[in-house]
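The structure is shown first, and the description follows.

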Amino acid sequence: MADQHNPLPRAEVRIDLDAVKHNVELLTRLAGQSGAQTMAVVKADGYGHGAVAVGNAALAAGASWLGVASVDEALALRAAGIQARIFCWLHTVDDNFGPAVAAGIHLSVSSLRQLWAVNSAARAVGQEARVHLKIDTGLTRGGAQPADWPALVEAASAAHDEGTIEIAAVWSHLANADEPGHPSMDRQAARLDEAYKVVLDAGLHPLRHLANSAATLTRPDLHFDLVRPGIAVYGLNPVPGSADLKPVMTFRSSVSLVRRVPAGESVSYGHTWTADTDTTLALVPVGYADGVPRALSGQMDVWLGGSRRPVVGRVCMDQIVVDCGDDPITDGDEVILFGSGEHGEPTAREWADRTGTIDYEIVTGMYRPRVRRSYVGGAR
């Protein structure tokens, strides 16, 4: 039962920064064997774990860059006092690049329009912009098409000669790195190499980066100058078994009500479950508004009282019901909905597998107003 001075949460994700440190040290060691630096990706508020806390922990563990999607995310890291190199890559047509250039943020450029916008911002603030030219090598999202690449490089080179833009890197993103041996990875690497040669021919010598978490773990030949692990920083392995990563997030709650019910009683909306014997039920005050997928109704367990126990009936907006049999359960007992799995508790990957999604979506989806976030261990 919870201590009255330290009550257990209604809904909380607990972030283990020592696990972040362990994961980043492992990833940095792998990258370092290839002579590459490490960029820890902390977009989407650190995949729901907290970008500032995870970013500081990752930098303390050996990462030398942080990566985010948007300018706003990058500026938030700067505002929090983080002075490391920060790269952001996903822009809207209305983005104001001036504050990012002034803050020394590295910006991805995929088109002439983006290049002119960044160049104009650099002139306006009187500071050189740091640019990473992106080539589409086969993911077919962002990045310049190969036919447009020579013109983009030529324009970027001219801006470089004028002193308004520093071409800091050439980069791309892998489509199938979580499938080791997929032939598209070698094709994408070859296309990046072709694009890089165009930049070298223009007299420029920037960094190259391509590897995400999966390629960092399994393809040292694709590390180049910089790797960009994301999900692996948080201990979720895109290539299971390839590394000793430690999951960082634990989602927990507590029992709010215990009741004994007779055989024949049904539970929750639709009465999809009926007790076949007398049993003890525990009410837990979390539901799909707190990140518990309704699709897990009838197919999820929690860790309660030292054992896995089934959630019975439908997952509701605010609550779930756990069947505890004849075991002694008390109001206030801790409930682990998912964690590292070290003690047998469910994991985010288990949730993902059972709902037909990926664990990225599970942990990122835990950033919700009613879910408190707390930290243990490490730098914050």
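Strands E16 and E17 (residues 320–323) pair in the antiparallel sense over 2 bridges, with Val311 opposite Val322 in E17. Strands (E, at least two residues) and helices (H or I, at least four) are DSSP runs numbered from the N terminus, and two strands count as paired if DSSP finds at least two bridges between them. The model is predicted: local features need pLDDT of at least 70 and side-chain atom pairs count only at pLDDT 80 or more, while totals for chains, interfaces and linings use all residues. Residues are numbered from 1 along each chain as its sequence is written, and side-chain values use heavy atoms, with hydrogens and water left out.

E16 also has a partner in E15: E15 (residues 301–304) and E16 (residues 307–312) are antiparallel over 4 bridges. Leu304 stands opposite Ser307 in E16. The hairpin of E15 and E16 has 2 residues between the strands, and Gly305 in this hairpin takes a positive phi near 65 degrees.

These strands belong to an open sheet of 9 strands with mixed pairing, in the order E11-E14-E17-E16-E15-E18-E10-E1-E19. Its edge strands, E11 (257–261) and E19 (372–376), each pair on one side only. From one strand to the next, the twist averages 35 degrees. Strands of a sheet pair through backbone hydrogen bonds, either parallel or antiparallel.

Within the sheet, E1 (residues 12–16) pairs with E19 in the parallel sense, and Glu12 stands opposite Arg372 in E19. E1 and E10 run antiparallel, and the bridge partner of Val13 in E10 is Phe251. The bridge counts of the pairs are tabulated here.

| Strand pair | Sense | Bridges |
|---|---|---|
| E15 and E16 | antiparallel | 4 bridges |
| E16 and E17 | antiparallel | 2 bridges |
| E1 and E19 | parallel | 5 bridges |
| E1 and E10 | antiparallel | 4 bridges |

Two helices lie across strands of this sheet. Helix H1 (residues 17–33) lies across E1 and E19 and runs at about 45 degrees to E1. Helix H10 (residues 348–355) lies across E10 (249–254), E15, E16 and E18 (334–338), running at about 55 degrees to E18. Axes are lines fitted to C-alpha atoms, for helices over the stretch in contact, and angles run from 0 to 180 degrees between N-to-C directions.

Helices H6 (residues 112–125) and H7 (residues 149–162) pack at an angle of about 10 degrees, with their axes 10 Å apart. H6 and H7 are therefore roughly parallel to each other (a term for angles under 35 degrees). In their contact (heavy atoms within 4.5 Å), Leu112, Leu115, Trp116, Asn119 and Arg123 in H6 meet Ala151, Leu152, Ala155, Ala156, Ala159 and Glu162 in H7. The residues of this contact divide into 8 nonpolar, 1 polar and 2 charged; Ala, Val, Leu, Ile, Met, Phe, Trp, Tyr, Cys and Pro count as nonpolar, Asp, Glu, Lys and Arg as charged, and the others, Gly among them, as polar.

The chain is divided into domain 1 (17–234) and domain 2 (249–346), with bounds from an automatic or database domain assignment. Their centres, taken over C-alpha atoms, are separated by 43 Å. UniProt, in an unreviewed entry, lists residues 248–376 for "domain: Alanine racemase C-terminal"; such annotations may be inferred rather than shown by experiment. The span 248–376 is 11% helix and 35% strand, and its end C-alpha atoms lie 10 Å apart.

Notes: Angles under 35 degrees count as roughly parallel, over 145 as roughly antiparallel, 65 to 115 as roughly perpendicular and the rest as oblique.
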